[in-house]
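Reader: I would like to learn how to read a few features of a model with you. Could you take me through them one by one?

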Amino acid sequence: MEKGKKPVSKDIKHEYPIRGMDFVAAGEASSNIKHTLQLIGFAPAIIRRAAIAAYESEMNIVIHATEGTLKTTISPERIEIIAADTGPGIPDIELAMREGYSTAPDHIREMGFGAGMGLPNIKNVSDEFTLDSTFGKGTTLKVVIYNQ
Amino acid sequence: MNLRELCKLLEAKMHCCEELLEKEITYVCAGDLMSDILMFSEPNALLVTGLVNIQVIRTAEMLDISAVLFIRGKTPTDEMLELAKTKGIPLLTTDHTFYLSCGLLYEAGLKNAPMKTDKNELKY
């Protein structure tokens, strides 16, 4: 490589803004992510896992946060999804990871969400799962799915 | 069982994607909470639900669901139909109750859609 030139990354990077409480647009970012993965040609089982992780993360931002982003970095070896939001944060991560535990209000449950399965389900479909949250500030969730 | 046979069994009406009437269904998952549904991992399943909103179609899209059946005479909105047509997901409606719909499908030999356990095994 020539001196001073940076290596060119072949990773495909996208960023999708997500608005809190926008239930009409909710899912569009995940749909786009799924479409991109299909165009690249990942196996359907890998795409389904990434789509579930993206969609559950997107819904978490819509339900709990004021705003956030979904960022994807896609390479032939791995799919990375980072969901970052400014919102209430998670006071007790261990409790939030428990199946069936949810802080979503009734009107969210009436819309079919808040079963308390979102975070455990994301963990289930991912190979790497890192959840960081600051109470009162926001949450960042990083998920990696290997193409294997 | 294909969608044509399924419509006959449940006296169901198909609201879009009629070109997919011959599509085979092997598994069924049922529920009103989409996060519960998102635990199912087998593609080509029928989703039976009493929930009527756009997120049902989004959930079906993410899971590669073959068709969605709305129970107890609930009908999808125009917005849902539009999205379902775009994604190629047939939407069906029946007047039967949730329990009877599932019962008839089970009796006809359709299998319970498997879920992935935390040990990454499929639980049927």
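Predicted model: local features only at pLDDT ≥ 70, side-chain atom pairs only at ≥ 80, totals over all residues.

Reader: Is B:Ser35 buried or exposed?

Author: The idea is to count C-beta atoms, placed from the backbone: 20 or more others within 10 Å of a residue's own make it buried, 12 or fewer exposed, and anything in between partly exposed. B:Ser35 is buried because 25 other C-beta atoms lie within 10 Å. B:Ser35 sits in helix α2 (residues 34–37) of chain B; helices here are DSSP runs of H or I with at least four residues, strands are runs of E with at least two, and both are numbered from the N terminus.

Reader: Which residues does B:Ser35 touch, leaving out those up to four places away in sequence?

Author: Contact means that C-beta atoms, placed from the backbone, lie within 7 Å. B:Ser35 touches A:Phe113, A:Ala115, A:Met117, A:Gly118 and A:Asn121.

Reader: How many residues does each chain bring to the contact?

Author: Chain B gives 20 residues and chain A gives 20 residues. On the side of chain B that touches chain A, the largest share, 6 residues, comes from α3(B).

Reader: How do α1(A) and α2(A) run relative to each other?

Author: Axes are lines fitted to C-alpha atoms, for helices over the stretch in contact, and angles run from 0 to 180 degrees between N-to-C directions. Helix α1 (residues 28–40) and helix α2 (residues 44–64) of chain A pack at about 160 degrees, with axes 8 Å apart. α1(A) and α2(A) are therefore roughly antiparallel; under 35 degrees would be roughly parallel, over 145 is roughly antiparallel, 65 to 115 roughly perpendicular and the rest oblique.

Reader: Where is B:Glu11, and what is its phi?

Author: B:Glu11 is in the loop between α1 (3–10) and β1 (13–14) of chain B. Its phi is near 50 degrees, a positive value in a residue other than glycine. B:Glu11 is exposed, with 11 other C-beta atoms within 10 Å.

Reader: And what is phi of B:Asp64?

Author: Phi of B:Asp64 is near 55 degrees, a positive value in a residue other than glycine. B:Asp64 lies in the loop between α3 and β4 (67–70) of chain B, and counts as partly exposed, with 18 C-beta neighbours inside 10 Å.

Terms used
Residues numbered from 1 in each chain as written. Chains lettered and ligands numbered in written order. Contact = placed C-beta atoms within 7 Å.
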